Structure formats: structure tokens, C-alpha cells
Amino acid sequence: MAPVDFQPISIAPILSRIMERLVVRQFLYPAFLSSSPESLVFSDQFAFRPTGSTTSALVWFLHAITQLLTQHDYVIVLALDFSKTFDTVRHSTLLDKLAHLDLSDHVYNWLVDFFSGHSHCTRFESKMSSFTDISATITQGSAIGPASYVVHASNLVSKTTGNMICKNADDTYLIIPASNHHSRIAELDHIHSWANHNNLRLNRAKCVELIFSETRRRLPFNPTTPPRYFSRRSPPLRFLG
């Protein structure tokens, strides 16, 4: 019998993956559901949570629109898109938000260690650049990455009372009733400022505005051009990708 050549298998990546899942399920998810500081809101996020899903996001979104239409002539929905969301999350900003969650010190220290000590370089043919520390990005395919983005986006809230935000991962929808139509620009300026502070950028080419109204009612508000943050007003809306 010919000898069998066994290749060594590193179990470090497997153990790391298991550890990530344990941290998310045993510590981060309970922290989302427990009492959190007012600056961090998880009730408007429907992705990467134990009680969330795209179905629940759709149900909540349609329920919010139909309920508002019983009291208002129309409802404005601003569909927002952030460019390369997972690639631009700054570690220092994320860890500052994680520090406000109900996490034990050893779990928080594990998260600090998880996002620290990474670097990258560029190699072309026989030349290689020097190593540069990685201070931003969360791996979308990892176990810890999606839950980390939920924390990162948790302090993005509406500025005006009566307006609402619906999030499903990085898909963000701002809902504005007719009585608050004047707040559109202020809300967008607020979101633009939040994005800049959190190292994100609004992709204006993919941001659209949609106005919901009942066909039996006359639409009293119909501006000729959409807000300056948008390239177009779109009758169809692709919801949640």
C-alpha cells in the first residue's frame, strides 16, 4: 500500500470562528435586547438580531406607512445608501460604542483584541510595499462583522419627533409624515453629518425619494425637484435589495 501523505490542518481559524459565534450569541445579542444607553437604539434594526428578519422589516415598514396614511395625506420615504459600508467602519469609533453596551470587561477586551493587530501590504511581481496597520473595516462574512455593524449604526436616529428610521443591515429608510415634510433637508443634513463622523459616505446616486399617498386623496405636496441629496424621485422602490 502506498503511503498516504497527510497535510497538516490548522485548527486556529476554526477555533476563532467558533469563538466569534459564542461572543455574538452569548453576549452581543443579549446586550442588544437589554437596556442600553439612550444614544444607542436597536429597536429600529431588523438584521443580525435574534428577533429580526427581512420579513419583520417588511411588516413593520408597511404597517408604519399605512398607519401614517390614516392621519396624513402622504408619507415621504427616503431610501438611503452608504458606500462600502462594511469596509469603512472605523475600529476606534466601533469600540467606543461597544464600551457603552452591557458587556463584561473580559468580553470587551476580547473584542478590542479581535479588531487589533491587523495589517496589510501590496505585492506586485517581485516588489512588496511596507505593512500598514488596518484601522477600519469589518469582515462581512465573519460571525462578528454583521453584529458589529448593528452596533455601529445604532446611534443613527431621526432628528425630528414623528419621523422614523427603519434599518435592515446597511439598508436605511427614513419615514417622514406629511406634517413633517419641512424636515427633509434637516434630517438629511443630520444623516450626512452622522456619516462623516462615522467614516461613512452617502451614495447620492443610489439614494431615492418616494412619496406614498392614497389614490382617493389629492396630493397637496409635490415639489418639482427632489432634495439636493438625491439624484431622482423614484416611483418604484427596491426594498431590502
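## Cysteines

Is Cys 121 buried, partly exposed or exposed in this structure? In this predicted model, Cys 121 counts as partly exposed, because its relative accessibility comes to 28%. Cys 207, by contrast, has a relative accessibility of 2% and therefore counts as buried. A search for pairs of cysteine sulfur atoms within 2.5 Å gives a count of zero disulfides.

In soluble globular proteins, nonpolar side chains tend to be buried together. The largest nonpolar core here holds 42 residues, and those that touch the most other members are Leu 28, Phe 32, Phe 82, Leu 98, Leu 101 and Leu 111. At least two residues of this core come from each of helix 1 (12-33), strand 1, helix 3, helix 4, helix 5, strand 7 (171-177) and helix 6 (184-197). Apart from this core lies another one, of 14 residues, which includes Phe 46, Phe 61, Leu 68 and Val 75.

When residues up to four places away in sequence are not counted, Leu 98 touches Leu 28, Leu 103, Tyr 108, Leu 111 and Val 151.

## The second largest pocket

Rolling a probe the size of a water molecule over the atoms shows where empty space is left. In the second largest pocket, that space amounts to about 210 Å³. Its lining is made up of five nonpolar residues, six polar residues and one charged residue. Among the lining residues are Glu 20, His 91, Phe 114, Phe 115, His 118, Thr 139, Ser 142, Ile 144 and Gly 145.

## Loop residues with positive phi

Most residues other than glycine have a negative phi. Lys 84, although it is not a glycine, has a positive phi of about 45 degrees, and this residue is found in the loop between strand 1 (74-80) and helix 3 (91-98). Lys 84 counts as exposed because its relative accessible area is 64%.

Glu 125 is another residue other than glycine with a positive phi, in this case near 55 degrees. Glu 125 lies in the loop that runs between strand 3 (123-124) and strand 4 (127-128), and with a relative accessible area of 66% it is exposed.

Conventions. Residues numbered from 1 in each chain as written. Predicted model: local features only at pLDDT ≥ 70, side-chain atom pairs only at ≥ 80, totals over all residues. Heavy atoms only, no water. Helix = DSSP H or I, 4+ residues; strand = E, 2+ residues; numbered from the N terminus. Buried < 20%, exposed > 50% of the residue type's maximum accessible area, 1.4 Å probe, protein only. 1 Å grid on protein atoms, 1.4 Å probe; cavity = no way out; pocket = protein on both sides within 12 Å on 5 of 7 lines; lining within 4 Å. Points joined across faces, edges and corners; volume = space filled by probe spheres on them. Nonpolar A, V, L, I, M, F, W, Y, C, P; charged D, E, K, R; others polar. Core = buried A, V, L, I, M, F, W, Y, C linked by side-chain atoms within 4.5 Å. Contact = heavy atoms within 4.5 Å.
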